[in-house]
Amino acid sequence: MASITPTYNAAFPALHQTGLTSQRRASAHHHPTTPSFIQRSIAPPKFPSYLKQTLYGKLALEQYKFHQQKHEIKPLPNNVNKKSTTTCLEEEQMEVLDLRLPTIWNAKDKSKNIEIGSNGIDLSYIGPGKQETHAALARANFPMRPQCGIFYYEMKVISKGDDGYIGIGFCAASNKVERLPGWDPDSWGYHGDDGHSFAGSGTGKNYGPCYTTGDIIGCGVNFADNSAFYTKNGKFLGIAFTDMNLNHPMFPAIGLRTPGEQVTVNFGHEPFVFDIAQYVNDQKTKFIDEITLKDTAIDTEKDRKEGLYTKEAMDQLILSYLIHHGYTGTAKAVVQNAGHVSGQELFLSSNNDISKAGEKDMEERQLIRSAIIHGKIDEAITLIDKYFPGVLQEEGRGEELRLSLKCGKFVEMMREYCECNKSRRLRTNSVDSRISTDIAGSQTSDHLLNATEDRTTRSNSVSGPSITHSPTNLMSTPGRRLSYAAITASLSPSNSSEIPHQKNDSMDIDDDCDSNHKADSASDSISFNGGNAWSRRPSITSTNSNNALNGDHLLAPMEEENVTTSTEAALSLNLVMQYGQMLQKEYQHDTRGKTRSSLVEIFSLLAYDDPYNSPVADLLKISKRDALATDVNAAILAFQNRPEMPAMERIYRQIILCNKELAYEGYGKAALINIDDYCTNDIGKNSERNNANSVTPMMS
């Protein structure tokens with residue numbers, strides 16, 4: 001087994017710089033309008049929403065976090081105590097890379113015949129407009145960044161002026177501002193008066209329709225294939241330019257030439273008319289297809305052998321990953337499947353004796369991983385000490401791992417407490433709901449009884465009363481319906497000696513009472529439509545009427561349930577507190593910053609009534625278990641002098657680094673392809689989401 005993994009690790013010994021030249025990036029930073037010192041904002045970066053699909057959004061956020069940490073700015077709540085994942089090379093690149101995008105027109109980089117509005121995005125022509133030399137151009141404050149992959153902006157024609165000689169496009173910083181876009185080298189434009197496209201020449205080519213007042217024209221630059229396109233009122237007009245030389249920084253540019261011309265621009269601070277997000281997604285799919293959907297036809301024997309070798313290498317690579325993480329059953333299934341399907345012979349190890357020992361090692365590591373994944377930290381610690389003694393006692397890494405496991409146990413205890421607390425809240429809410437329902441039912445019965453009383457009163461006015469009571473009973477207030485409570489009081493022993501005294505508080509009248517009781521009930525009850533209503537409904541006396549209306553008859557069993565649940569929650573919290581105090585005492589003399597920060601981080605869970613909806617809710621994610629299990633597995637392998645990282649993961653990281661470095665250098669395809677989008681662990685995310693639903697409602 002040990003001979004398999006290093007075979008692939010040797011191909012990628014470390015995550016080193018690829019050796020690409022930095023001329024593209026160097027040229028992108030040394031131009032007249034970009035200061036040598038980059039002023040960084042302390043606010044999070046803002047950029048057009050469509051760039052979130054590209055690598056630009058990730059690079060911009062990573063650069064922002066890097067400068068936060070470097071200048072010791074307090075990080076955002078979600079980034080507290082997070083490990084830095086950047087390499088020294090990336091830090092160097094983040095220090096010099098300028099990712100600021102165009103936002104307004106540059107007041108110091110425009111023609112005197114153009115006026116910029118107070119909002120910074122409006123342009124008006126103020127020149128004579130008699131001849132071509134009166135043309136005027138304005139450039140944006142920053143160039144379009146190749147790290148965007150695709151940059152897009154839109155212009156709205158507020159007024160076409162006298163002749164509508166309006167041009168939209170982009171140009172280098174060295175181009176004259178007395179020319180329209182596209183008239184000179186390193187300048188491209190689309191003009192509204194004739195619909196021609198201009199590429200470094202005063203002679204245009206037929207491209208698209210003319211545009212005038214009210215039209216919205218979009219301009220997009222695709223750094224992935226060095227092309228440019230335009231849109232009109234949200235409609236794609238096609239590719240205007242190809243094979244452009246974009247090695248120099250290119251600025252959005254708009255040109256005006258006749259009086260009355262006025263436009264405004266949208267650099268992404270408002271939604272675009274054109275669906276640029278879908279266009280970017282289509283381009284990403286196109287370039288991914290170019291990589292993955294190559295011609296697989298086997299023309300020669302050599303191609304066939306190379307194909308078989310590639311498949312064998314990939315199968316062995318996957319097998320090495322399974323072996324590394326201890327997935328014994330799956331690894332054996334891969335070996336059997338390869339033999340049955342393709343006749344390929346795979347081995348868990350080159351030596352049979354080592355193979356048996358390797359299988360045992362995998363099974364033991366899998367037991368440890370399983371215990372951690374299920375939140376059984378004490379069991380995991382016991383298994384580690386049993387199967388791999390010395391791992392947790394090793395100075396340095398072993399001690400840190402033991403602390404991580406103990407912190408993990410504290411988090412699991414907090415998770416259990418949160419579940420008990422949630423159960424208590426649900427039971428409390430259930431009791432309140434049932435009591436409210438009972439009270440509402442009692443009030444409904446009150447209304448029904450009053451309505452029936454009205455009908456009886458009207459009937460008695462014709463046929464005469466069916467019973468006779470004292471004046472203070474049912475007709476105490478002529479012309480007004482009595483309440484349910486009043487009727488109950490009138491039938492109580494204090495008001496009527498004819499109602500037999502009940503020795504219990506039962507609300508139900510038994511239908512099979514003795515005959516004397518039935519007779520008394522029948523003679524002394526109120527008869528509605530010839531029936532005995534009180535023999536078929538609760539008998540509420542004056543002693544228990546208030547309790548019935550308030551729902552006190554429900555409280556006794558429910559309060560017992562609540563007390564039990566509350567006791568369980570209290571006991572759970574007490575255990576958490578005791579374990580936390582034990583940890584604090586155990587590490588009270590440990591002055592290492594990592595130890596202190598780890599304890600403070602987990603103890604902060606106690607500060608919130610609902611930790612799942614708190615700034616430290618990230619600690620309770622199920623994915624944290626998997627990360628801890630992976631750290632434990634890596635430590636065990638390192639203790640055995642074996643590779644800590646599987647070959648597949650090393651290759652994956654190398655691809656991520658290469659792609660990011662290409663994006664740093666300004667290669668558009670690399671900027672469009674965000675590899676993380678294609679390697680997302682959806683299973684882990686779904687598991688995490690399901691666990692969150694089982695503990696607390698999802699936030700909207």
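Start by selecting Lys360: at 49% relative accessibility, Lys360 is partly exposed (20% to 50% relative accessible area; under 20% is buried and over 50% exposed, with a 1.4 Å probe and protein chains only). This is a predicted model, where local features need pLDDT of at least 70, side-chain atom pairs count only at pLDDT 80 or more, and totals for chains, interfaces and linings use all residues. Residues are numbered from 1 along each chain as its sequence is written, and side-chain values use heavy atoms, with hydrogens and water left out.

**Stop 1: helix α8**

Glu364 is buried, at 9% relative accessible area.

**Stop 2: from α8 to α16**

Stay on helix α8 and select Arg369, then Asp626. Their side chains form a salt bridge at 3.3 Å, N to O. Asp626 belongs to helix α16, residues 623-639, and Arg369 to helix α8, so this pair links distant parts of the chain, 257 residues apart. Is Arg369 buried or exposed? Arg369 is buried, with a relative accessible area of 4%. Asp626 is partly exposed, at 37%.

**Stop 3**

Jump to Arg139 and Asp109. They form a salt bridge, with the closest N and O atoms 2.7 Å apart. Arg139 lies in strand β4 (residues 136-140) and Asp109 in strand β1 (residues 105-110), so the pair ties together parts 30 residues apart in sequence. Arg139 is buried at 2% relative accessibility. Asp109 is buried too, at 10%.

**Stop 4: a network**

Select Asp98, Arg100 and Arg145 together. Salt bridges that share partners join these three into one network. How many salt bridges does the structure hold? The count is 23.

**Stop 5: Ser598**

Finish in helix α15, residues 593-603, where Ser598 lies. Ser598 is buried, at 16% relative accessibility. Show the backbone of Lys594 as well. The Ser598 side chain reaches the Lys594 backbone oxygen at 2.8 Å. Ser598 is in contact with both, leaving aside its neighbours within four places in sequence (contact means heavy atoms within 4.5 Å).

Key: A salt bridge is a side-chain nitrogen of Lys or Arg within 4 Å of a carboxyl oxygen of Asp or Glu. Helices (H or I, at least four residues) and strands (E, at least two) are DSSP runs, numbered from the N terminus. A polar contact is a pair of N or O atoms within 3.5 Å; within protein, one must be able to donate a hydrogen and the other to accept it, and residues adjacent in sequence count only if both atoms are side-chain atoms.
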